[in-house]
Amino acid sequence: MNSRRSSKTPITPQPEPQSEALGQQYGGSHTGSWVSYFPAAWIPYIQLARLSPPAGVFLVLFPHLFGVIHGAIFQRVPLTDIVHALIVVTVGSFFLSNAIHGWNDIIDAPIDRLVARTRGRPIVRGAISIRGALIFTLSQCLGAGVVLLALPTTTTWVAIPGIIGNIYYPWSKRHTHFAQFVLGFCLAWGVYVGTAVVGVDRMADMLAPTTCLFLSSVLWTVIYDTIYAFQDIVDDEKIGLKSTAVLFREWTKPFLWVSLSCVAVLLVAYGQFCAAGIGFYSVAMGGCLLSLGTMILKVDLRSPLSCWWWFRYGFWLAGGSIISGLVLTSIL
């Protein structure tokens with residue numbers, strides 16, 4: 001599964017016997033053992049929301065968790081308030097993830113018909129109508145809105161740029177090769193939202209560390225989503241869609257290494273601003289370098305299955321490492 005080719009060698013995706021496996025790569029037939037317990041009519045909506053596997057939900061949730069714990073470091077919030085905030089952002093992230101994935105599939109339906117991996121998605125295959133998908137998406141927006149209204153008023157205002165970004169994101173791949181940065185902005189904005197949830201105002205001494213954490217989350221997203229984009233690079237080029245994968249092609253791994261280096265620099269800067277101890281550097285920074293570095297080194301960009309495997313499993317350690325490092329900083 002590993003690629004030992006030089007990063008300058010042209011990357012040509014290799015054909016592999018994966019017609020059934022493609023459907024499991026968020027292609028429309030992705031299911032898990034737990035999904036079978038639900039009524040058959042519910043399953044297309046579970047697939048629409050990318051709930052199985054739950055990677056999509058956690059990629060929305062992680063930056064919000066970063067923000068809550070980060071805010072607690074500066075605000076010295078009581079433990080009960082922190083736990084309450086973590087529960088609230090988890091529920092809100094669940095609804096937000098469902099909404100943005102539903103919205104993405106509504107806008108992308110004409111494109112998904114043209115891509116081998118995604119032509120089995122619920123809307124494209126007719127399991128859900130556009131009207132049904134829109135109703136589902138609006139219901140999830142309502143759920144997220146109820147959660148947002150239960151939070152401090154400041155949180156609502158802070159969330160607006162992320163909402164606008166998520167609305168625009170499905171069109172970004174038509175407009176710019178840097179769609180992964182747009183997605184990074186949308187997801188990483190959860191850092192600011194999570195910080196606001198614990199009642200932290202825009203204090204001057206919060207701006208620099210919060211921005212470092214936000215930018216490192218943006219680049220983290222860019223790394224794993226660039227790898228994810230290589231699953232469809234052949235079809236994307238035929239259709240004329242854009243991405244960092246299409247832009248950098250054989251230079252993608254050098255680009256990813258530079259991005260990872262920037263993540264490391266930003267985490268070091270964050271630690272300096274927060275006067276973090278060795279626990280943060282060894283766990284948060286060390287975990288990110290180990291997990292993302294291994295992903296970049298081992299992933300075979302020519303193999304959609306390899307790209308999917310590293311996307312699905314490779315982000316967990318990085319996200320968990322940052323959370324663990326932040327927790328250590330908050331309690332030590």
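Phe58, Phe62, Phe66, Trp220, Tyr224, Tyr228, Trp308, Phe311, Phe315 and Trp316 make up one aromatic cluster. Rings of Phe, Tyr and Trp (its six-membered ring) pair if their centres lie within 6.5 Å; planes under 30 degrees apart are stacked, over 60 edge-to-face, and the rest tilted. The model is a predicted one, in which local features need pLDDT of at least 70 and side-chain atom pairs count only at pLDDT 80 or more, while totals for chains, interfaces and linings use all residues. Residues are numbered from 1 along each chain as its sequence is written, and side-chain values use heavy atoms, with hydrogens and water left out.

Over the whole structure, 30 aromatic pairs are found. One of them joins Phe62 and Phe315, with ring centres 6.2 Å apart and planes at 70 degrees, so this pair is edge-to-face. Because Phe62 belongs to helix 3 and Phe315 to helix 15, the pair ties together parts that are 253 residues apart in sequence. Phe62 is buried, at a relative accessible area of 6%, and Phe315 is buried at 0%. Here buried means under 20% relative accessible area, exposed over 50%, and partly exposed in between (1.4 Å probe, protein chains only). Phe280 and Tyr281 form another edge-to-face pair, 5.7 Å centre to centre with 80 degrees between the planes. Phe280 is buried, with a relative accessible area of 1%, and Tyr281 is buried with 19%.

Helices (H or I, at least four residues) are DSSP runs numbered from the N terminus. The expected span of a helix is 1.5 Å times one less than its number of residues. Helix 15 covers residues 304-331; its 28 residues should span 40 Å, and the end C-alpha atoms are 41 Å apart, which agrees. A kink of about 30 degrees in helix 15 is centred on Phe311, where the bend is the angle between axes fitted to the seven residues ending at a residue and the seven starting there. In helix 3, the 21 residues should span 30 Å, and the end C-alpha atoms are 30 Å apart, in agreement. Helix 3 has a kink of about 25 degrees at Leu61, shortly before the proline Pro63. Of its 21 residues, 18 are buried, so helix 3 is largely enclosed by the rest of the structure. Arg76 follows helix 3 and has a positive phi, near 50 degrees.

On a 1 Å grid over the protein atoms alone, a cavity is a set of points where a 1.4 Å probe fits but cannot get out; a pocket is an open set with protein on both sides within 12 Å along at least five of seven lines, and lining residues have an atom within 4 Å of a point. Volume is the space filled by probe spheres set on the points.

| Space | Volume | Lining by class |
|---|---|---|
| Largest cavity | about 630 Å³ | 17 nonpolar, seven polar, 10 charged residues |
| Largest pocket | about 640 Å³ | 21 nonpolar, eight polar, no charged residues |

Nonpolar covers Ala, Val, Leu, Ile, Met, Phe, Trp, Tyr, Cys and Pro; charged covers Asp, Glu, Lys and Arg; the others, Gly among them, are polar. Of the 34 residues lining the largest cavity, Asn104, Tyr169, Lys173, Asp225 and Tyr228 lie nearest its centre. Helix 4 gives the largest share of that lining, seven residues. The largest pocket is lined by 29 residues, with Leu96, Ile100, Ala144, Ile163 and Asn166 closest to its centre.

Notes. Helix = DSSP H or I, 4+ residues; strand = E, 2+ residues; numbered from the N terminus.
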